[in-house]
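Reader: Here are two chains that meet. Please walk me through the place where they touch.

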Amino acid sequence: MSARTRKWQEKLGFGILIAATAFVILVLIVILHDIFSKGAGVLSWEFITSKPRKGMTEGGIWPAIVGTFWVSLVTVVFTVPAGLFAAIYLNEYAAQNRLVRVIRLAIRNLSGVPSIVYGLFGFTLFIMILRINLSVLAGGLTLGLLTLPWTITASEEALKTVPMSYREGALALGATKWQTIRTNVLPYAVPGMLTGTILGLARAAGETAPILFTGAAFFWPLLPSFPKVLTSQFMALPYHLFIMATQHHAIVKVRPIAYGTAAVLIGLILIMNAAAVYIRYRFRKKYKRL
Amino acid sequence: MPNPTNHIELVTRDFSFYYGDFRALTSISMDVERNRVTAFIGPSGCGKSTFLRSLNRMNDIIPGTRVEGKVLLGGVDIYGKDVDVVDLRRKVGMVFQKSNPFPKSIFDNVAYGLRIHGERNPSAVAQRVEESLRAAALWNEVKDRLDKSALDLSGGQQQRLCIARALAVKPEIVLMDEPASALDPLATQKIEELIFELKKEYTIIIVTHNMQQAARVSDATAFFYLGELVEFDETKKIFTNPKEKKTEDYITGRFG
């Protein structure tokens with residue numbers, strides 16, 4: 001192969017990679033531009049902080065934001081401890097045999113199960129079998145099940161990045177296994193776990209299917225305060241968007257509200273992802289000398 | 001049972017070690033004397049590090065390993081059923097090949113062992129930290145920056161910090177796995193001088209690739225080859241008049 005051919009191949013390869021990246025970014029820009037330009041008319045402080053009015057043809061989306069907040073909170077309270085402890089068990093305690101490998105594979109597969117399946121499973125388990133009302137609790141737990149595989153996987157990856165030498169060093173000083181994990185492994189894995197959890201949560205916050213059958217309401221403008229809120233039905237941003245875009249009786253009239261809702265939802269997810277990136281950045285900076 | 005005379009610190013009898021089906025150590029028997037430096041030498045893969053890590057049961061954390069025979073510390077088999085591994089590792093400290101300071105302050109590194117063993121009194125911790133850093137010949141270099149990150153220390157200082165950390169819990173034996181192999185000659189010299197000092201209070205067992213180092217720092221030397229203890233004698237004798245042909249070939253650089 002001549003030097004010229006190789007140079008040409010190099011350029012071609014590079015070109016394909018750049019084109020692929022540019023395409024992805026272009027798609028993102030088009031979507032964001034479409035949503036924000038069409039939603040710009042309704043986006044205002046008032047839109048964010050007021051209730052829907054006149055059969056949801058006017059007013060804002062505050063109840064949907066609050067509903068999404070509460071349901072996400074339930075998700076976090078469930079998924080973080082469960083995911084963290086499962087990851088610690090799998091990575092630090094379990095013998096690395098075939099059974100554990102199968103369990104790990106099953107967890108990875110769970111993260112690929114369609115969200116509608118989680119929705120129906122949550123409905124069957126929490127509503128039909130456990131007889132919990134359609135509620136923030138049932139919706140949050142269903143979203144928790146959805147994020148659990150992500151949380152476990154992210155936590156396990158975070159634990160793996162802690163060098164073996166920290167564990168050996170502590171064990172060699174006579175620390176018990178749990179002391180070692182608690183004082184010399186977890187502190188260095190927490191930021192990574194947090195990053196993964198936030199990313200999982202950001203995904204959950206945008207899901208409609210899991211809350212569809214477990215508590216999301218068409219119109220529920222008044223949420224009670226804690227703890228009663230847990231047993232109340234709720235509005236949520238993604239479900240509100242779904243209604244406004246496809247189910248509303250005056251669908252053309254409310255189109256700008258649908259775009260505004262989408263913009264706020266994307267904005268929220270953007271903020272969460274930015275927080276995850278920031279935490280990871282801080283962590284890298286702190287331990288880059290290792 | 002061997003008669004544990006008071007100058008013998010550690011005894012092994014027919015000690016064999018397996019990684020799964022692979023036998024890494026075959027029937028090792030040796031008596032390690034108190035307040036001396038014992039060096040383990042031999043080519044890569046000869047089992048010297050495996051043997052060292054067997055002496056504080058650090059190999060326990062590797063799945064699929066098992067042992068045969070005995071390792072007696074104070075007459076008690078450390079692989080016995082009633083032995084508390086945590087307590088064993090406090091008595092038998094370890095310094096690793098690659099220095100592994102924790103990403104904490106210098107002070108907290110040395111205090112780590114004390115705290116996990118339940119020492120809560122701050123002045124007692126501070127006093128023991130100072131003693132340990134002095135014993136590891138590091139105090140004068142770090143006394144003004146104990147709250148700074150241990151990761152900002154040089155490689156040689158980090159390794160001496162790891163030695164201080166091991167000393168802080170008052171072990172009887174300190175195991176060192178090629179403690180100077182990643183250090184420059186000057187830092188190596190400091191570690192060697194330190195080992196010479198430490199043997200007054202501790203029993204030292206050191207694995208080394210460097211035969212000059214074994215000759216310089218140790219009182220007794222054990223030569224391992226293919227998982228067997230070929231020869232174990234006074235260092236002087238091993239390096240001037242070894243009994244075994246294999247030992248002579250190794251120390252004169254004919255293989256390894």
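Author: 25 residues of chain B are in contact (heavy atoms within 4.5 Å) with 20 residues of chain A. This is a predicted model: local features need pLDDT of at least 70, side-chain atom pairs pLDDT 80 or more, while totals for chains, interfaces and linings use all residues. Residues are numbered from 1 along each chain as written, chains are lettered from A and ligands numbered from 1 in the order written, and side-chain values use heavy atoms, without hydrogens and water.

Reader: What area is buried between chain B and chain A?

Author: Buried area is the accessible area (1.4 Å probe) that two parts lose on being put together, summed over both. Carbon and sulfur atoms give 62% of the area here. The total is about 1,800 Å².

Reader: Which residues form the salt bridge, with the closest N and O atoms 3.0 Å apart?

Author: A salt bridge is a side-chain nitrogen of Lys or Arg within 4 Å of a carboxyl oxygen of Asp or Glu. The count between chain B and chain A is one. The partners are A:Glu168 and B:Arg53.

Reader: How do the residues on the side of chain B that touches chain A divide?

Author: Ala, Val, Leu, Ile, Met, Phe, Trp, Tyr, Cys and Pro count as nonpolar, Asp, Glu, Lys and Arg as charged, and the others, Gly among them, as polar. The division is 14 nonpolar, five polar and six charged.
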